[in-house]
Amino acid sequence: MIKMKNYSRFAWAFLAYNFYVILGGAYVRATGSGAGCGEHWPLCNGVVVPNFSTFHTIIEYTHRVSSGIVGIGSIILLVWAFKVTKKKDPIRISAIIAFCFVVFEALLGAGLVIFGLVANNSSYFRAIVMSLHLVATFILIASISLTAAWSSGFKFNKFNMQTKKFLPVSLIIVGMFVVGMSGAITALGDTLFRPNSVGEGVINEIINPSHFLMSLRIYHPIFAVIVAIYTVFTAWSLTNKNSSSIQKKLTFSITGIFILQIFIGFINIALLAPVWMQIIHLLIADIAWIFCVLFCSQALSEEISVEKSIQHA
């Protein structure tokens, strides 16, 4: 028990550190520092320790070092999981997934640099890779959060796709992916084509778009509001007086975090997406995603537990 408790603490700390690295990556994108090390990877400007003569080099190199620490942490998370769990244990499986996606994220990051999909690149390919990057990041922190939660005593049962909760829960996850990807593209557009006023050229960009990154800005807030309403409504509909205290707390947390996120999102638009507000917006989005993942896991596990108790009765 002591070993598992220590493992749980490490998993939660590792999750928190990943938030820092994710926000650091957003800062790299928002400041156009992605080319700070040239088209070299894993080296920076062809050397292990570069000349820190430019701001962009400092930012990019710092992010690479912090990302390298994530790699080390994922190995520790994985090896430790094998020491404290048995074969096919969900904690071990989620730790394996986390490690795989750390490697995948590293390869995506390398691809962005090597193929020049950084700085002022505004191609369709970069938008696609950024969206893929976001999905991979979501899966990574979801697997770490589940590793931490399950090792902390959160309920787990093997998911059954035939349960009545599976479809609404799945739609929450899919909806969050859609909002996340549209948000990543919108953030890229705000970085490369900074608006000069609120709603600048919205109608014109829809009718006669000058660049796809500018015309897509209008859709992210719409997706965000729709998914937020659906998620909050679904969370409350799947929670009742017989639900666990954990699920009830997650339902309240989801409600609060989505209200806060929508509010911050519109402030971000009103302030013309300054870097610091983009970082806050992303942080709240990641926290909302974790709440959704933990809620979905808990909701599915509770339903399966009820079904098993009925069958045994």
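# Pairs, patch and contacts

Guide: Arg64 and Glu60 are both buried. The model that holds them is a predicted one.

Visitor: How far apart are the closest N and O atoms of Arg64 and Glu60?

Guide: The structure holds one salt bridge, and its partners are Arg64 and Glu60. Both residues sit in helix H2 (residues 55-84), and because they are four residues apart there, about one helical turn separates them. A salt bridge requires the nitrogen to be within 4 Å of the carboxyl oxygen. For Arg64 and Glu60 the closest N and O atoms are separated by 2.9 Å.

Visitor: Which cysteines does the disulfide join?

Guide: A search of the whole structure finds one disulfide. The cut-off for such a bond is a pair of cysteine sulfur atoms within 2.5 Å, and here the S to S distance is 1.9 Å. The two residues joined are Cys37 and Cys44.

Visitor: Is the link of Cys37 and Cys44 left-handed or right-handed?

Guide: Cys37 is buried at a relative accessible area of 0%, and Cys44 is buried too, at 1%. The angle about their S-S bond is -80 degrees. The link is therefore classed, by that angle, under a definition of sulfur pairs within 2.5 Å, as left-handed.

Visitor: Which helix gives the largest share of the nonpolar patch?

Guide: The surface patch covers about 560 Å² and is made by Val174, Val178, Leu216, Tyr219, Ile222, Phe223 and Ile226. Helix H5 (166-192) and helix H8 (219-237) each supply at least two of its residues. The largest share is four residues, and they come from H8.

Visitor: Is Ile222 buried, partly exposed or exposed?

Guide: Ile222 is one of the patch residues and is found in helix H8. Its relative accessibility is 41%. Buried means under 20% and exposed means over 50%, so Ile222 counts as partly exposed.

Visitor: What is the C-alpha separation of Gly180 and His220?

Guide: Gly180 lies in helix H5 and counts as buried, at 13% relative accessibility. Leaving aside residues up to four places away in sequence, Gly180 touches Leu134 and Phe138. His220 is 40 residues from Gly180 along the chain, and their C-alpha atoms are separated by 8.7 Å.

Visitor: Which residue has its backbone oxygen 3.2 Å from a polar side-chain atom of Asn121?

Guide: Asn121 is placed in the loop between helix H3 (90-114) and helix H4 (124-151). Not counting residues up to four places away in sequence, Asn121 touches Gly116, Arg126 and Leu192. The backbone oxygen at 3.2 Å from the Asn121 side chain belongs to Gly116.

Visitor: How far apart in space are Asn121 and Leu192, C-alpha to C-alpha?

Guide: Leu192 is among the residues that Asn121 touches. In sequence, Asn121 and Leu192 are 71 residues apart. In space, their C-alpha to C-alpha distance is 8.3 Å.

Conventions. Residues numbered from 1 in each chain as written. Predicted model: local features only at pLDDT ≥ 70, side-chain atom pairs only at ≥ 80, totals over all residues. Heavy atoms only, no water. Contact = heavy atoms within 4.5 Å. Polar contact = N/O pair within 3.5 Å; in protein donor to acceptor, adjacent residues only side chain to side chain. Buried < 20%, exposed > 50% of the residue type's maximum accessible area, 1.4 Å probe, protein only. Patch = residues over 30% accessible without salt bridge, like charges linked within 9 Å, V, L, I, M, F, W, Y side chains within 5 Å. Areas by Shrake-Rupley, 256 points an atom, 1.4 Å probe, with all protein chains shown as cover. Salt bridge = Lys/Arg side-chain N within 4 Å of Asp/Glu carboxyl O.
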